[in-house]
Each structure stands twice: as C-alpha cells, then as structure tokens.
Amino acid sequence: SVELACSFPVTADTLPLFQSLAEGLDAGVRTPGSAAAEETKNEFIETLPHDSKNPTEAVLHVRLGGQTLNAQLERVLAFFWLHQVCRGGAIPSADDLAACDRDTASRLRAVGQLRGQLQQMVECYPRTLEQDEADLPGAEAAAAAGDAAARRKASSLRVLIGEKHIFAQAMSYLEIHLAAAA
C-alpha cells in the first residue's frame, strides 16, 4: 500500500462540510485525542492543530492499494472538489454544490490536482519502476545463493515495485478520466 496525506485549509464554516464528506470514508473522522496507532482503517481525516476548537486544516489520510484503489481515488477526488468549492473560505450553498457536481471542468481540476500530488510523490523515489524491476532478478538470484544483503535488497525492491505499481495504477485511472473529458 501507499500512504497518501492531503491537507485542505478549513474555516469554522467549511469544516463541517469536510467532516460530513469524511463520514463516507473507511474510518470517518479521527477522534481527537486518539493515538495514531489506534487508527487501523485505510481512510480517515484529522483536524489540525490537534485539540484546537478552531482547526485550520483538515488532513485526509488514505492507504491506497488493493481491489478498492479506484473507489478510494474517487473518495479522494471528492475532497479536492470540495476544496475548490470552498476556496478562500467560501461557504457554498446547496445550489453551488449541485452545480459544481455537474461541472466537468471542476472534476477535471480535481483530477489534475490529485494527479499532480501523486506525481510529486512518485518523483521522490530516486529510481524508476523499470530500474527496480531490472535489478530484482539479480538480487533474488544472489539471495537464493545465500547472500543475506541480497535477500534484504530483494525484499526492499519488491516493496518498492509494489508501491510504484500502485502509483502507476492510480495515475492510469486518473489519465483515463482526463482523456475522456478532453
């Protein structure tokens, strides 16, 4: 899996909208004061600063991966879309929300923002997926011959390859949506 954290500025007026949207997440809204280790679900939001009566940020945490990747991306996109509607602390009306929901350009902006965030995360890896895949057979062969360092390297490469495949699947899903709307 890949850990994704997206921060969205909130005001006292817009926070309830983000919290309402979070009710559709795997774990919903994180309980203030709960230890991070208590959160075992794949999706939740927390507010920052912690224990503040007037939080200024809603942070969406998502562990991407598995069979639910596309559905997870759609839930994340909803937060980017809501962020657009609430930009500048605006409090959208029900009509504003409905209009934005039907607006293809709004969806494309949300898809582009999420794609940009995922791309930044991918660029943090020092090596490409192809480089890791090319090195894996050699590391596995050396590990099979008893080389302990190679065993650790092969294991690390498998993790990195798995993470990069998740990013590739997510980017592919978003690219399909960008191409379909163009």
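The largest nonpolar core of this predicted model has 36 residues, and Leu60, Leu114 and Leu118 have the most contacts inside it. A nonpolar core here is a set of buried Ala, Val, Leu, Ile, Met, Phe, Trp, Tyr and Cys residues joined through side-chain atoms within 4.5 Å. Buried means under 20% relative accessible area, exposed means over 50%, and partly exposed lies in between (1.4 Å probe, protein chains only). At least two core residues come from each of β1, α1, β3, α2, α4 and α6, with α2 giving the most, 9 residues. In soluble globular proteins, nonpolar side chains tend to be buried together.

Which residues does leucine 114 touch, not counting those up to four places away in sequence? Leucine 114 touches Leu4, Leu73, Val76, Leu77, Phe80 and Leu174, where contact means heavy atoms within 4.5 Å. There is also a second, separate core of 6 residues, including Leu129, Ala139, Ala154 and Leu157.

Now for the whole chain. The protein has 6 helices and 3 strands, in the order β-α-β-β-α-α-α-α-α from the N terminus. Helices (H or I, at least four residues) and strands (E, at least two) are DSSP runs, numbered from the N terminus. Of the 182 residues, 34% are buried. Among contacts with a separation of 6 or more, 62% join residues 24 or more positions apart.

The mean pLDDT of the protein is 89, and 91% of its residues reach 70 or more. The table shows the elements with the lowest and highest mean values.

| Element | Residues | Mean pLDDT |
|---|---|---|
| Helix α3 (lowest) | 94–102 | 82 |
| Helix α5 (highest) | 129–144 | 97 |

Where pLDDT is low, the predicted coordinates should not be read in detail.

Asparagine 42 sits between α1 and β2. Is asparagine 42 buried or partly exposed? Asparagine 42 counts as partly exposed because its relative accessibility is 31%. Leaving aside neighbours within four places in sequence, asparagine 42 is in contact with Asp26, His61, Val62, Arg63 and Gln72. Asparagine 42 and valine 62 are 20 residues apart in sequence, and their C-alpha atoms are 5.6 Å apart in space.

Residues are numbered from 1 along each chain as its sequence is written, and side-chain values use heavy atoms, leaving out hydrogens and water. In this predicted model, local features need pLDDT of at least 70 and side-chain atom pairs count only at pLDDT 80 or more, while totals for chains, interfaces and linings use all residues.

How values were computed
pLDDT is the predictor's confidence in each residue, from 0 to 100.
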